[in-house]
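Good morning, everyone. Please have a look at the screen, and then I will walk you through the model.

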Amino acid sequence: MQLKLRFSDENSAAHSLLNLHPNNMKKMQYDEFKNMVVKINNFYKIDNLVEECMLWYNVWKNRNTSQSELKNITFISLLD
């Protein structure tokens, strides 16, 4: 596989979606997270994505949840 394809904007945006998990989100600084979400939104163009993500960032940053609890949260359980 060519390096340009492996590290293309499309793959970078898709990989960044993993950082929307609360465990990864809590490890990021506000500006770092927002810049990442803006890049995702520039690629996928989802209405209100930046606003929604920043809302959830604040919710998870301010929630008293241990790292072990966060690691065990599945993406499916976040939809409940």
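The protein chain has seven helices and zero strands. Written along the sequence, the pattern is α-α-α-α-α-α-α. Helices here are DSSP runs of H or I with at least four residues, strands are runs of E with at least two, and both are numbered from the N terminus.

Now the ground rules. This is a predicted model, in which local features need pLDDT of at least 70 and side-chain atom pairs count only at pLDDT 80 or more, while totals for chains, interfaces and linings use all residues. Residues are numbered from 1 along each chain as its sequence is written, and side-chain values use heavy atoms, with hydrogens and water left out.

Next, the chain as a whole. How much of it is buried? Of its 80 residues, 29% count as buried. Buried means under 20% relative accessible area, exposed means over 50%, and partly exposed is in between, with a 1.4 Å probe and protein chains only. The chain exposes about 6100 Å², and carbon and sulfur atoms supply 53% of that area. Accessible areas come from the Shrake-Rupley method with a 1.4 Å probe; for residues, only the protein chains shown count as cover.

What about contacts along the sequence? A contact means heavy atoms within 4.5 Å. Take the contacts between residues at least 6 apart in sequence: 58% of them join residues at least 24 apart.

Let us go to the rings. How many aromatic pairs does a search of the whole structure find? It finds three. The rule: rings of Phe, Tyr and Trp (its six-membered ring) pair if their centres lie within 6.5 Å; planes under 30 degrees apart are stacked, over 60 edge-to-face, and the rest tilted.

Here is one of the pairs. Tyr30 and Tyr57 sit edge-to-face, 5.7 Å centre to centre, with 75 degrees between the planes. This pair links distant parts of the chain: Tyr30 is in helix H4, residues 30-44, and Tyr57 is in helix H5, residues 49-62, 27 residues apart. Are these two residues buried or exposed? Tyr30 is partly exposed, at 37% relative accessible area. Tyr57 counts as buried, at 4%.

Tyr57 has another partner. Phe33 and Tyr57 are stacked, 4.9 Å centre to centre, with 25 degrees between the planes. Phe33 lies in helix H4 and Tyr57 in helix H5, so this pair ties together parts that are 24 residues apart in sequence. Phe33 counts as buried, because its relative accessibility is 0%. Put together, ring pairs link Tyr30, Phe33 and Tyr57 into a cluster.

One more ring. Arg63 lies over the face of Trp60, at 4.4 Å from the ring centre. For a charge to sit over a ring, NZ of Lys or CZ of Arg must be within 6 Å of the ring centre and within 35 degrees of the ring normal.

Now the surface. Which residues form a nonpolar patch there? They are Leu17, Phe43, Tyr44 and Ile46, with about 320 Å² of accessible area together. Patches are made of residues with over 30% relative accessible area and no salt bridge; like charges are joined within 9 Å, and nonpolar side chains (Val, Leu, Ile, Met, Phe, Trp, Tyr) within 5 Å. A salt bridge is a side-chain nitrogen of Lys or Arg within 4 Å of a carboxyl oxygen of Asp or Glu.

Leu17 lies in the loop between helix H2 (9-16) and helix H3 (22-25). Leu17 is partly exposed, at 33% relative accessibility. Tyr44 is in helix H4 and is partly exposed too, at 32%. Leave aside its neighbours within four places in sequence, and Tyr44 is in contact with Ala13, Ala14 and Leu17. The C-alpha atoms of Tyr44 and Ala14 are separated by 9.3 Å, although these residues are 30 apart along the chain.

Next, the loop between H4 and H5. Lys45 is in that loop. Its phi is near 55 degrees, a positive value in a residue other than glycine. Lys45 is exposed, at 63% relative accessible area. Asn48 is in the loop between H4 and H5 as well. Asn48 has a positive phi of about 60 degrees, and it is not a glycine.

Last stop, helix H6. Lys71 is in this helix and counts as exposed, at 56% relative accessibility. Lys71 and Asn23 are 48 residues apart along the chain, yet their C-alpha atoms are separated by 5.8 Å.
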